[in-house]
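This briefing accompanies a model shown below. Please read the points that follow alongside the sequence and the coordinates.

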Amino acid sequence: MGQSDHEAIRAVLSGDKDAYAVLVTRHSRTLFRVAYRITGNEADADEVVQDALIRAYRKLESFESRANFGTWIYRIAVRCALDKIGGRKVDDESRIGDEDDREQSEVQVADPAPSPERILLSGEIATVQQAAMHSLTPTERSAFVLRHLEDRSTEEIGAALGIRPNAAKQAVFRAVQKLRRRLAPLRVST
Amino acid sequence: MKHLTEDELIEQACGEGAIDSAQHLRGCVECAASLAELKSDLAEVGRVETPQRDELYGERVWQAISGSLVRYAAPHRRWMSFGLMRGLSYAAVCALLVAVAFYAGRKWEQFAGRKSGTPQAAQSAPKKPQQPVVVVVLGDHLDRSERLLVELKHVDTANADMVPPLRDEARSLLKANRICRENAEKVGDEELESALKRLDHLLTEVADEPGGLDAEGIARIKNELNADGLLFEVRVLRSRARDQKPGLVIRLNGGQA
């Protein structure tokens, strides 16, 4: 397992397909983490990881040897995750519902419940947080995850999402504004 | 006091706020509380637990995707296909360049010839080693032969100075006569061939008379070889050759023009 990323890539391009296993095992967990944070779904995240690694393998000849493979595959995974949540946007919208539904969910969480329900409060909080994340557009959500959960710079976010740094910054701002409004009832209740 | 807007608070929360805003936050308890509240909100979202994947996760992913990956071609095969194409391209380009250079050279030669005249162009052309070409014009040869026969008829054998030029001329004519005779044989001109054959005989005798030409030798040649009759034949043939346009030209290297 001492083979470096670049050595593995050279081996793959020389016809040794199995050398790619080194790269897969080395980067899969990182890719899963960011994929899950963007998609919010385990099955989707697993799928994103596989899609990203297959896509990277097919583009391996275009990978520049001076670049960092980890950064490169990370960006590919972000794009795949973005595609995934963009593709199911319609489903999400129907699941999240309209403004009335949202208000209703906020009221339910904010309501001081009796003790049996109180037990489920932590689960409810997670559900609301998930709902808040799902209320963001795919770009806002990805930008927020990369900035606040993955600690990526604005430039890195722009590069990963294929947008200008200023647009990435605006996406993060919009995401924070929306999340703040969504999570306000939780803060009040706790 | 003017408090920070939501955007300014968000900028601070994202670590990208202006210096003025940061200074304001140090003096404004209300805005500092708002910022703390905002950071708390973001931290709440960050606390959402990400499912963990064990050490074998990568291997499972590899098992899942390895079947759909196509092995890259070995470098030499890729080189072969790429190199072959590149080699063929180079060869095609080289061939094209040679063809263009050849064509341009030909055109330039023609242009230079028209511009400066053929003789000068021929002089300026680089001289290449060639096989020597002797051009024999039948009419000229017969003229010279006729003169020799006339001189032989009227030679003053007492004058020793007159004989050597006769012998030298005979030797000179021998080679041209041989060419003309061979050519006459080739084209099937029996009359010409017969006359040239006898002329050849006479020239040989004059050129190579043992002991040198003297009065007795010249008389013998005249009688034995019927020099007068041969002179008549040569004159007839010369007249005939003059009427033929263009005159017969024979090249020593076997060519004919």
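In which loop of chain A is D151(A) found? D151(A) is found in the loop between α9 (138-149) and α10 (154-161) of chain A.

**Confidence in chain A**

- The mean pLDDT of chain A is 79, and 77% of the residues score at least 70.
- Among the elements of chain A, α3(A) has the highest mean pLDDT (95), whereas helix α6 (residues 99-110) has the lowest (40).
- Over residues 89-115 of chain A, pLDDT stays under 50, and the model has 19 contacts beyond four places in sequence for this stretch.
- Where pLDDT is low, the predicted coordinates should not be read in detail.

**Loop residues of chain A**

- D151(A) is not a glycine, yet its phi is positive, about 55°.
- Most residues other than glycine have a negative phi.
- D151(A) counts as exposed because it has 8 C-beta neighbours inside 10 Å, and the cut-off for exposed is 12 or fewer.
- A19(A) lies in the loop between α1 (5-13) and α2 (20-39) of chain A.
- With 17 other C-beta atoms within 10 Å, A19(A) is partly exposed.
- Leaving aside neighbours within four places in sequence, A19(A) is in contact with A8(A), A11(A) and V12(A).
- A19(A) and E7(A) are separated by 12 residues in sequence, and their C-alpha atoms are 8.9 Å apart.

**Interface between chains A and B**

- The interface brings 37 residues of chain A into contact with 31 residues of chain B.
- On the side of chain A that touches chain B, the elements giving two or more residues are α1, α2, α3 (42-58), α8 (121-134), α9 and α11 (165-189) of chain A.
- Of these, α2(A) gives the largest share, 11 residues.
- By class, this side of chain A has 20 nonpolar, 8 polar and 9 charged residues.

**Overall architecture of chain B**

- Chain B has 11 helices and 2 strands, which run α-α-α-α-α-α-β-α-α-α-α-α-β from the N terminus on.
- Chain B has 257 residues, of which 20% count as buried.
- Among contacts in chain B between residues at least 6 apart in sequence, 66% join residues at least 24 apart.

**Packing of α7(B) and α11(B)**

- Two packed helices are described by the angle between their axes and the distance between the axes.
- Helix α7 (residues 138-153) and helix α11 (residues 227-243) of chain B pack at an angle of about 155°, with their axes 9 Å apart.
- α7(B) is therefore roughly antiparallel to α11(B), since angles over 145 degrees count as such.
- The crossing in which α7(B) passes α11(B) is left-handed.
- Residues making this contact include L138(B), L142(B), L149(B) and V150(B) of α7(B), and L230(B), L231(B), V234(B) and L237(B) of α11(B).
- Charged residues in the contact include D143(B), E146(B) and K153(B) of α7(B), together with D228(B), R235(B), R238(B) and R242(B) of α11(B).
- By class, the contact of α7(B) with α11(B) has 11 nonpolar, 2 polar and 7 charged residues.

**Helix α10 of chain B and the residue after it**

- Helix α10 (residues 215-224) of chain B lies largely in the open, because the number buried among its 10 residues is 1.
- N226(B), which follows α10(B), has a positive phi, near 50°.

Terms used
Residues are numbered from 1 along each chain as its sequence is written. Chains are lettered from A and ligands numbered from 1 in the order in which they are written. This is a predicted model: local features need pLDDT of at least 70, side-chain atom pairs count only at pLDDT 80 or more; totals for chains, interfaces and linings use all residues. Helices (H or I, at least four residues) and strands (E, at least two) are DSSP runs, numbered from the N terminus. Two residues are in contact if their C-beta atoms, placed from the backbone, lie within 7 Å. Axes are lines fitted to C-alpha atoms, for helices over the stretch in contact, and angles run from 0 to 180 degrees between N-to-C directions. Angles under 35 degrees count as roughly parallel, over 145 as roughly antiparallel, 65 to 115 as roughly perpendicular and the rest as oblique. A crossing is left-handed if the near helix is turned anticlockwise from the far one by less than a right angle, and right-handed if clockwise. pLDDT is the predictor's confidence in each residue, from 0 to 100.
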